Structure formats: C-alpha cells, structure tokens
Amino acid sequence: MTKVPFQKGLFEETNGEPALIGSKCGSCGQVLFPAKSVCLNCMSTDVEAVRLSRDGKLYTFTTVYMASEHFPPPYTVGWIELPEDIRIFSQIRGWQDHPLKIGMRMRLYIETLWQNEDNEVIGYVFRPTTGEILR
Amino acid sequence: MREVAIIGVGSTVFGKFPEKAIFELGAEATQAALKDAGISPEDIQFAYYANLYGGMVEGQAALRDAGITDIEITNVENACTGGATAVRKAWYDIASGLYDIGIAIGAESMTTSPIAGKLIPPAKGDPSGELGMNTMAKFALSQRRYMDISGVTLEQIATVSVKNHHNGCTNPYSQYKKEFSVEDIVNSRLICDPITQLQSCSTTDGAAAVVLTSLDMARRYTRKPVIIAASVIRSGDYAFRQKDITFSDVTFKGVNDAYTIAGIGPEDINLCELHDAFAVNELQHYIELGFCKRGEEVGLLMDGITSITGRLPVNPSGGLLSKGHPLSATGVAQIAEIVWQLRGQAGSNQIPDARAGLAHTLGGEVADLEAGAVGVHILKV
C-alpha cells in the first residue's frame, strides 16, 4: 500500500518530527492554517510557510456517534489551541490512556486516518501524552 | 426609504411530508399568505423564494401553482438564513420604492434532501469535513467548552428543550406536539457528546410566506399592519477573529445593527423567535441578543422569564427544537409567528399585549468563517 496524505500541503514530517504547515504574515503577523498565499487578516501577500508547534492544549472536544464519510462511530474530534494563537480541528486519539479534559496537553502525530482500495491515507491526529492540564 | 409592513402571512404545518414536492409546500404557504392578506395572485408584483436542497427555479414552480406568473421572481439560497434573506430583499424592494407589493417565501423538504438522516458536513474540499466535522459536532464542541467554563449543567440546557416542546404542543403548525421531561431529553440517543437527539432540531419539511407592502398602502388592506422596524442580514467574519467559540459575534453585531435601525433596545422586545437548532444555542443567544449579561442566562430560563407566561417569551412557537427546522423556511416562519402574536391571532400560545418581536436565524457552514450568515428582524405594531 502507498501512503498518501488526505490533502496535500497541510503537514510534513522532517527527521521524524511532524509539523502542520501554516502561513505567517510578514506584515501583521497573523498565522493561518491551512496556509494561504494571501493573509486573510490584512490581505498582504508577504506571507511565508511556517512549521507550527507540535504541542498545544485541548480547547474542546466531542465524541461523534454517527458515521462520517471516513470514520465509523464512535470517533473523537476536537479543537487544539497552538501557541501561535490558532485553533486546529483534528481527530483525537489516545483518550483511553488519559480521559480528555479541556486544557490538556496535546501532541501532534502523523498516522493512518483510513484506508481505501489502493492507499493508506495518512493525516494528522492529536494525542494526550502526559495527562497534564495546562490552564 | 419608505416604511414597510406585512399584510399577510401563511405557513404549512411543519412535519415529515416526503410525498410532497418542495413546490407544493411553497404553493400551499403562498396561497395561505395571499388569503390572509385578502389579495389576488395578480396583485403580487415580485417574489423572493428561498430554498437550499431543491433544483433550479423552484420559486417559479411554487408560484405557478399559486397563480403567480409573469413577474420578477428571484430564487435565494443562504443556508438556514435563506428565509430571512428573502424577507430582507423583499423589504428593500418596497422600502426603495421599486415595487409596492410583493411576497417572500421559504420552502424546504428535508426528508427528501441529500442530507436526510445525516449530520450536515462542510463543503467538499474543507479539511475539517474530511476529518469528521459536521454541524452538530461544531455545536457539541461549543457546548462542551461552554459547560466547562460557565458551569452550566446538561439538565439546565435540556430545560430549553423542555420549554420549547411545551410551547410546541399548543401550536397547530408544530412538528412534535409532545411534552418531554428533562430526563427524556438527557437520556435520548447520544449523537455528538454532550448533544443528545432531543437537544437537537429534527428533520422537518415545511414552507412559510409573508406578503409585504408599503405602510401607506398596507392601511388599505388591514387595520393592523405589522411594521418591519429592522431587517438585517450579515455574513460571518473569519473564525480566527472569534475569540470565544461559545459567543456568536455575528449574532451580536447583527442584532445591534437591528436595534440601532429600529431605534429600540432589548428591553423593548416582548417576544423572540430565535435559532434554537440546538438547545444550548438558546442560552448563548440570550446573551448575544442583549436579553441578559453573561452568567445570567440560566436564571432567565429557570426563573421562567423566557417561558410563554414570562416577561420575555422566547420561542413561543416551539422554536426549531419542537416546531421544526426546514432550513430555508425557518426565517420566514419565525416572522409569520411573530405577526400572529402582534395581531393577537396566536390562539392558545398568545402572549398578551405583545407590541414588538424579534426574529433571529443563524446558519451555514463555511471553512474559516464563524458562520455563513445571521438574519435579524424586528417587527412592531
């Protein structure tokens, strides 16, 4: 099976260190994810791609008990707040080890999201790694 | 700008009617509104017709069956705010003097829509959609954080649903017409934790219509015209500008625009139909609409102030939770409900001496935006 990203340009793994790829505006400093070639805050085109922080904290979460296009129920998703002051929507895994609480430290991983006939579709997930509450 | 008044309203019963075409629902509501206004189909000079899940020129098909052809018809889509948008556009065409009399209609068949029995996902290509986002999950995420920060309990949130289902029991247009207890709501099927089935609106079909004219002309048709004191549509800002996902900035801005235009404040509102797609939304909207300060919203509910017998009844029709939520019809139906209240025609759900009412709809999933749009109307007699 070939590993393919669920969408292109959203994340990378360099020397085993995964990161989401955002954009940062050179004019107003706004960080966006997914990356944009124009800053949506000030419309400046002076934007560069940046690797976002791997660690963040859980802003909120829910477990969904109906199927989505790719995920059988139940699955857990949430918003993770990164130090760049943006929120990332993501699948959440590993909550069996650390029951989720708002403010919990979360870490980014690149994992298989689902499989289709030919490919292993990979993407980003966040996991609670220590159970530590950051707020 | 001329003052604009509503002289006729009509609605289908809300419920599950998979055997009915969208245009049949639309035609039925249109005919009811024409009859209520006491006018003929040929009196209508223009129409706005809101629908999301049907095909092309749905409005022409509905109006054809109501005897209305050979006029300017515009089909409108703005998600859950579609109906409010149709009313807003009709308001403008009369306020500006372009036309003298027109109709705004909203119609939707959710049971025959592609999303029947499903959770509504974002648009194709949005990464969050691929990762399992849907409209209910979005509000479950908001509710989880809201409960965590405010200490509001699931039982208190469920009380919104109890109240609105109680109101819906005596509204002949309502879908459910059934009482539920807090336990019923909390123990119903869990869909997006902590949102259970009965904290959510259901799958509903229905249509509603309102006939508008200038206030001067309205006096020829009725002794009790209902004046549109404010009509506001506003799109959502970038999500990265929303500091707190439990507070709808677009609702706050939209309603403040409306209060300014109408020259009145929240203290002057006698009843409100607001967008309770999920029970938690109603508590959050109390704050954004200016009915109370943050932290006082549960008191407003639990003390009975927003009950149908309270000082400020909210969703006396049963709201989206009980009356139902056929997306594009909702904004028009809310206005029809307020018109009946202000005319004293709301039957056993009548609020005594209501002089001013507020209608609020919020909707649409767009990646990177807080929401698609908000619609706010203030009506008065």
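A residue counts as partly exposed when its relative accessible area falls between the buried limit, under 20%, and the exposed limit, over 50%. At 39%, Phe252(B) is therefore partly exposed. The model is predicted. Chain A has 10 strands and 0 helices.

**Fold and dimensions of chain A**
- The order along the sequence is β-β-β-β-β-β-β-β-β-β.
- Along the principal axes, the C-alpha atoms fill a box of roughly 40 × 40 × 30 Å.

**Burial, contacts and surface of chain A**
- Of the 135 residues, 47% are buried.
- Among contacts between residues at least 6 apart in sequence, 51% join residues at least 24 apart.
- The accessible surface is about 6,600 Å², and carbon and sulfur atoms account for 47% of that area.
- The chain carries 14 positive and 16 negative charges, whose mean positions lie 5 Å apart.

**Aromatic pairs**
- Over all chains there are 15 aromatic pairs.
- Trp79(A) and Phe89(A) pair edge-to-face, because their planes meet at 70°, with ring centres 5.7 Å apart.
- This pair links strand β7 (residues 75–82), which holds Trp79(A), to strand β8 (residues 86–92), which holds Phe89(A).
- Trp79(A) is partly exposed at 22% relative accessible area, whereas Phe89(A) is buried at 6%.
- In chain B, Phe247(B) and Phe252(B) form a tilted pair, 5.6 Å centre to centre and 55° between the planes.
- Phe247(B) is buried, with 16% relative accessibility.

**Aromatic cluster**
- One cluster comprises Phe6(A), Phe11(A), Phe33(A), Phe71(A), Tyr75(A), Trp114(A) and Tyr124(A).

Notes. Residues are numbered from 1 along each chain as its sequence is written. Chains are lettered from A and ligands numbered from 1 in the order in which they are written. This is a predicted model: local features need pLDDT of at least 70, side-chain atom pairs count only at pLDDT 80 or more; totals for chains, interfaces and linings use all residues. Side-chain values use heavy atoms; hydrogens and water are left out. Helices (H or I, at least four residues) and strands (E, at least two) are DSSP runs, numbered from the N terminus. Buried means under 20% relative accessible area, exposed over 50%, partly exposed in between (1.4 Å probe, protein chains only). Contact means heavy atoms within 4.5 Å. Accessible areas come from the Shrake-Rupley method with a 1.4 Å probe; for residues, only the protein chains shown count as cover. Lys and Arg count as positive and Asp and Glu as negative; His and the chain ends are not counted. The place of a charge is taken as NZ of Lys, CZ of Arg, CG of Asp or CD of Glu. Rings of Phe, Tyr and Trp (its six-membered ring) pair if their centres lie within 6.5 Å; planes under 30 degrees apart count as stacked, over 60 as edge-to-face and the rest as tilted.
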